[in-house]
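Dear colleague,

Please find below the structure for your review, together with its sequence. My findings follow directly after it.

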Amino acid sequence: MINLLYASTTELDDVDLAIKEIHDGLQKSGTILKYAAGIITCHAEFVHYGITERLCKSLPFNIVGTTTNASSLPGQIDTIQLSLSVLTSDTVQMIAVATGELTVENSDEQLKNAYNEAISKLTGNIKPKMMITFGPLMTVLSGEDLVDKLTVITDGLPIYGSISLDHNDDYHQAQTIYNGTPSFTKLNFLLLAGDFDFKFKCASISPACIILTNAIITKSNGSILMEVNDMKVKEYFRTLGLITANDTLEGSNIIPFVLDYKDGTEPVVRAIFMLDENEHAVCGGNMPVGSSLSIGSLNRDDVLSTTKNLVQQIIAEDNPSCIYLFSCIARNFALGVDMLAEMNMVDPLMKNVPYHFSYAGGEICPVYNSALKKWINRFHNDTISICIFR
């Protein structure tokens, strides 16, 4: 069994007051048990003013996390907010580790070393059950690259988490946070092992918002999409009206592309960011040849309804002890000027179940393969992903 304690602050001017608000909030929300680890999501200003560093040094457990543009805890919702949740248990070990700075050349070694370090800290000959991770927002290593590498290194351990994000248009302050220390290039994670149950659920867009269906990817290289239906991808986009009179790609980053791997798992959503110098599409995750591609639309009403339906189902059916939610920044953009609408809607639906909700620059959430009867790690865009502890 895992309990969740939580506290937040919006105080930027007085560091001592901010830290006191967190300590007081944690004390009010419950008792720290034998094992504990924290997850922090916060506006980048809390990093800039050194609040995250001083806060983490003041607490008796390790903390992982990331910057974000908005976060919420029960009854505590804001944009310029620091949210801290603490997973605690008498029976579940929680090991927090961070990699060194990741590069294309050293990423496999760094991730493997961090995982081996975490494994070595588990006691009692116990094996990990799952991982919660926060990855850096990097152009040279995509979120899917990190998920794929960790999946191999951990031998398929279920991995949940997010990619760092911030409030700026270019995300130049998006950082991961490990024990208060920020980084643009380090990944951190919690390894969980012991007596607990969990499951994952996610939602992207409703079937009614899928406009065109079942194009087939005929050429790709990882996250680079080259051909669809044996047609160069730029020409395929032209048939969709996404190529302007100036012969440039426009509007693709707000269009959800629904990808079906055809392997028995649920489809995932991909964002398409731009055309590169070869007129290939740069995507938010891998685009395997033979997968089918459908085109959807992302709008405020559908964001709110898909999230509401999913949360209501979880509360009614899954008997959660606590919940984590990461929703894509694209879903937040679809809300328009009322950027906290999704969080404000979720809060009363939780019915006293403790939770931690933040926006993400990419969602890491396993999907269930019913044929193999196991969780398969996936990287998502335009999705709300939920981790349920029971």
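In this predicted model, the buried residues of helix α7 are Asp-302, Val-303, Leu-304, Thr-306, Thr-307, Leu-310, Val-311, Ile-314 and Ile-315. An α-helix has 3.6 residues a turn, so residues three or four places apart point the same way.

Helix α7 itself comprises 18 residues, 300-317. The N-terminal end of α7 is capped by Asn-299, which places a side-chain oxygen 3.2 Å from the backbone nitrogen of Asp-301. After the helix comes Asn-319, with a positive phi near 50°.

I also examined the cysteines. A disulfide is a covalent bond between the sulfur atoms of two cysteines. Zero disulfides were found in a search of the whole structure. Cys-365 takes part in none, and the nearest cysteine sulfur, belonging to Cys-202, lies 4.7 Å away. For Cys-387, the closest cysteine sulfur is that of Cys-365, at 7.6 Å; because a disulfide requires sulfur atoms within 2.5 Å, this is too far for a bond. Cys-365 has a relative accessible area of 0% and is therefore buried. Cys-387 likewise counts as buried, at 0% relative accessibility.

Yours sincerely

Notes. Residues numbered from 1 in each chain as written. Predicted model: local features only at pLDDT ≥ 70, side-chain atom pairs only at ≥ 80, totals over all residues. Heavy atoms only, no water. Buried < 20%, exposed > 50% of the residue type's maximum accessible area, 1.4 Å probe, protein only. Helix = DSSP H or I, 4+ residues; strand = E, 2+ residues; numbered from the N terminus. Expected span 1.5 Å × (residues − 1). Polar contact = N/O pair within 3.5 Å; in protein donor to acceptor, adjacent residues only side chain to side chain.
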